[in-house]
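Open the model in your viewer and keep the selection panel at hand.

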Amino acid sequence: MPITLWRDLRAATLAGDAAWGAIDNACLVVQGDRLAWVGPLPELPREWASRVNDEVHLHNAWVTPGLVDCHTHLVYGGTRAHEHELRLQGVSYEQIARAGGGIRSTVAATRHSIESHLLKHAQRRLAQLKADGVTTVEIKSGYGLDLAHERKMLRVARHLASHGVDVRSTYLALHAVPPEFDGNADGYTEAACQWLDTLHAEGLVDAVDAFCERIGFTPGQVTRLFQHAEGLGLPVKLHAEQLSDQGGAALAAEFGALSADHLEWLSEAGIQAMAQAGTVAVLLPGAYLTLKDTHLPPVAALRAAGVPMAVATDHNPGSSPALSLTLMMNLACTLFGLTPEEALRGCTHVAAKALGLHDRGRLQKGLRADFCAWDVEHPRELSYWLGHRPLLERVHAGRADGRLPA
């Protein structure tokens with residue numbers, strides 16, 4: 001198996017006790033898709049130095065773990081730019097949704113789109129995330145809202161995994177009630193449980209999500225779906241406390257959820273439940289900005305309770321048309337009060353934890369060789385720039401994109 005030495009670099013390993021897990025004059029030994037050794041170059045063991053097949057010199061660039069976008073809705077049809085214009089005129093997201101817009105309008109466009117069309121546009125969006133350093137991405141369904149179209153979305157998500165990135169696919173049928181189930185959310189919930197059986201059997205589902213909100217689904221309906229997912233051995237996560245406090249985070253914690261996401265209206269009881277369950281708080285500043293929200297998620301209280309905080313794009317056509325995870329890092333710092341180091345951790349190993357993945361997100365021996373080289377003076381710059389992409393090279397499972405000159 002070929003062994004590559006990445007050398008002449010500074011590493012933000014995010015491991016150990018030092019700030020950023022920083023190592024000067026560092027090197028990485030990559031064997032296959034794993035990191036075989038990480039540390040200062042002068043301390044490289046002879047056993048590895050003698051076996052190296054290739055060397056890559058990074059000329060003192062900073063290297064971090066590959067970025068993980070743990071909450072996206074990357075597959076969909078159409079756009080909702082007209083709703084953005086309405087919101088600028090003072091119409092709220094909730095008002096638009098109740099008038100038949102919002103998620104339902106994207107459902108109509110997605111149902112109308114053939115699979116190849118969805119794939120083509122999702123590939124373009126994914127390319128933007130990869131150019132920002134993303135090596136793992138979660139993609140939710142939830143714009144099909146029937147068996148055939150949920151399957152179509154999940155199939156596209158699975159196909160995207162062949163494009164040099166790991167994809168985790170999440171079943172989000174409880175995103176909105178489709179027109180054919182108007183006035184019958186309970187009946188729709190039962191149908192969604194049945195579809196989950198089929199899609200799980202087809203190998204299309206890694207986790208289950210729901211939208212617990214006044215314009216979404218009640219805690220009782222979410223409980224029904226989560227019980228069904230639990231019976232199938234599938235982990236759960238939840239869109240919780242975005243527009244109001246429905247007790248969703250505490251409910252998610254009862255099921256040992258991987259994450260609860262949004263959390264602008266999260267209560268102290270919800271924070272304590274998440275802390276006890278080990279549930280990750282996923283912060284989504286793109287939606288907060290786009291919807292012009294003013295109710296901040298309780299970051300200081302989450303930090304004090306020891307709840308790990310991830311950051312994601314929440315890319316979707318309605319409330320967060322964001323395609324830059326580093327921009328979300330900036331917003332998480334400037335809007336929510338994260339430190340630059342917290343933001344980077346939130347887009348690496350904490351985001352991986354939010355997906356149930358423990359083999360990535362740090363630069364450590366034995367973990368996956370997912371990492372990025374950056375043209376920056378310090379990794380804090382990753383949450384500093386607006387619109388600048390300083391990525392030099394992206395390595396996924398030991399394979400480089402080839403951005404560096406030969």
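A disulfide is counted here when two cysteine sulfur atoms lie within 2.5 Å. This is a predicted model, in which local features need pLDDT of at least 70 and side-chain atom pairs count only at pLDDT 80 or more, while totals for chains, interfaces and linings use all residues. Residues are numbered from 1 along each chain as its sequence is written, and side-chain values use heavy atoms, with hydrogens and water left out.

Under that cut-off, the number of disulfides is zero. Select Cys333, which is in no disulfide: its nearest cysteine sulfur belongs to Cys347, 9.2 Å away. Cys333 is buried, at a relative accessible area of 15% (buried is under 20%, exposed over 50%, partly exposed in between, with a 1.4 Å probe and protein chains only).

Now select residues 115-130, helix H5, and residues 147-160, helix H6. Helices here are DSSP runs (H or I, at least four residues), numbered from the N terminus. The two axes are 10 Å apart, at an angle of about 45°; axes are lines fitted to C-alpha atoms over the stretch in contact, and angles run from 0 to 180 degrees between N-to-C directions.

Show side chains for the contact (heavy atoms within 4.5 Å): H5 residues including Leu118, Leu119 and Leu126, and H6 residues including Arg155 and Val156.

Notes: Helix = DSSP H or I, 4+ residues; strand = E, 2+ residues; numbered from the N terminus.
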